[in-house]
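Colleague: I would like to go through some local features of a model with you. Please give the general idea first, then the case at hand.

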Amino acid sequence: MTSTLTIPSTIRPKRWQVAPPMPVNFRQQLDHLPAVLAQVLYNRGLTTLPEVQAFLDGRYLPETDPFLLPDMDTAVERIARAIRDGESIVIYGDFDADGVTSAVLLTQALRGLGAERKNVRPYIPDRVDEGYGLNFDALTRIKEEFGADLVITVDCGIRSVQEVQHGRDIGLDVIITDHHSIGPHLPPANAIINPKRADSPYPETMLAGVGIAYKLAQALSQAITPNTLNLTALLDLVAIGTVADIAPLVGENRILVKEGLVTLNTLQRPGLSALAQVAGLKAGHITAESIGFAIGPRLNAAGRLSHAYDAARLLATNNLLMARPMADDLNNLNRRRQLITAELSAHAETLLDDVEAPLLFVTDDKFVSGVVGLVASRLKENYYRPTIVLQRDGETSHGSCRSVPEFHITEALDEVSDLLERYGGHAQAAGLTIRNENIPEFVARMQAITAVKLAETDMRPTIAIDAEIDLHEVDWALHGVLQQLEPTGAENATPIFLSRGAAVVHHRVVGRDQSHLQIELGTGGSPARSLRGIAFGQGGWATKMPTAVDVVYNLSVNEWNGNRYLQMNIHDLRPAE
């Protein structure tokens, strides 16, 4: 067995969990596929030949009729009447990439279905001044200043019971479209479209906010005639919002993203064309990974450090000359966001009392509301603990929660909802607003809840490994086989492999702060080859590198200065057993 004494002190030990081999009868059914691909498909829960074939062919097995979503018929009838009668409609969004793409999509869809441009406008709240979701003042302004008759939420509203009641009281009709977890009471809206509703027969429960906005556009396009709506042209927005919000890339989401990437790679939107230029992306080569690491962060930077309208205007513009300076602005905001995140993450580390506590909690007035979620993510990843980071501001604090797979953070917040002004989210990410006098009790109760729920849990990060393979099997042919799994992402992760006993040919530290490890490993076999790898945040190995390692990695393609080569993205390594 490997001794943990040989692992650098800066490296947090991880558990390696290799998937059990697929059953013999399953392999026999899929003998026309390479064994490694069949194993990965089995690991993804595809256990029958029809499921595998549907996945590889990109076909739906379940029904996807948008009218199966609860209240869809009511919503379509109300919106169609608003378009017909020339009513004023406001699309109320959110300041992240999912909320922005949702707002732009539905605004453009309604105009494509006949609504006059002046009668449909997006409204995106300010992260600092208004916070997430519906708020009383915004609804009052929408009614009094905009003269709105109908408010349609996208990516928010499912827990806004009092706010929706206020909207109804002042004469607004409200339609909610949202994908977040449902609270104990539904708001008194005219219609609530959320596939997580207990009474929903719709088979796909994990659509992103933009996916639900798209289903509403689909339903409207079926019901309103004539219309000039091009649904395919909206799919680039669906792909961006779905990937950026880390929605599971299985089922309908996977197909929407796959189809959306086709539209996205044409860069038909001037704003996306300009954004691709500043991000170094080329038409025809944009992947789900490109969205996650290049497009999504730049769109999110607007809502984090400026206003999300900047991102919405870029996505909506039809003028390439106007789009380029807007894209430059987002690119500069993203650079600034990276610097601020690094500085505040380092500051947060100094505020931690006990990194082995069941839940990590930090609060400070130095935190910036737009990056508290990123800081929470850094702490959660560093220490593998549910984490809450709050920005103190006057009488209240606003913050973000990030959690590990073993702990549902929003369900925990449900148990302390009496202390919160507002909150909402998913299993592993949530946002909240709390009065400062409630913070001590909030922290104590959350710590107690976490301690009970995680009492028997081994709090080390686990790497789910798809298969153990010899390193000499890693070549362009394997990469080509694995491309059938794309687009990969949440719940359809890029396959992770384990290879043992790889000889270390060369290694060095890289990066601005010398925190990353670049390594070259011999593959064995004949002819002799070597593979390059990058291990982010694992520069600590440089002074303790053994002659041979067991390595856990996924495959990627690195393109630099006209050269293209296979690269291992290394998740973890150990001295060879």
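Colleague: Is Arg445 buried, exposed or partly exposed?

Modeller: Take the model's limits before the answer. This is a predicted model, in which local features need pLDDT of at least 70 and side-chain atom pairs count only at pLDDT 80 or more, while totals for chains, interfaces and linings use all residues. Residues are numbered from 1 along each chain as its sequence is written, and side-chain values use heavy atoms, with hydrogens and water left out. Buried means under 20% relative accessible area, exposed over 50%, and partly exposed in between, with a 1.4 Å probe and protein chains only. Arg445 has a relative accessible area of 25%, so the residue is partly exposed.

Colleague: Which side chain does Arg445 meet in a salt bridge?

Modeller: Side chains of opposite charge can pair when their charged atoms come close. The criterion for a salt bridge is a side-chain nitrogen of Lys or Arg within 4 Å of a carboxyl oxygen of Asp or Glu. Here Arg445 pairs with Asp418, at 3.0 Å from N to O. The two belong to distant parts of the chain, 27 residues apart: Asp418 sits in the loop between helix H16 (409–415) and S10, Arg445 in helix H17 (residues 439–453). Helices (H or I, at least four residues) and strands (E, at least two) are DSSP runs, numbered from the N terminus. Asp418 is exposed, at 54% relative accessible area.

Colleague: How many salt bridges does a search of the whole structure find?

Modeller: The search finds 25. One of them joins Glu163 and Arg422, with the closest N and O atoms 3.8 Å apart. That pair also links distant parts of the chain, since Glu163 is in helix H7 (residues 161–169) and Arg422 in strand S10 (residues 420–425), 259 residues apart. Glu163 is buried at 11%, whereas Arg422 is partly exposed at 23%. A network of salt bridges links Glu468, Arg500, Asp550 and Glu577.

Colleague: What about the backbone? Which peptide bond is cis?

Modeller: Most residues other than glycine have a negative phi, and most peptide bonds are trans. The bond from Glu486 to Pro487 is cis, with omega near 0°. Pro487 is in the loop between helix H18 (476–482) and strand S14 (497–510).

Colleague: Where does Tyr384 lie, and what is its phi?

Modeller: Tyr384 lies in the loop between helix H15 (372–383) and strand S8 (387–393). Its phi is near 50°, a positive value in a residue other than glycine. Tyr384 is buried, at 10% relative accessibility.
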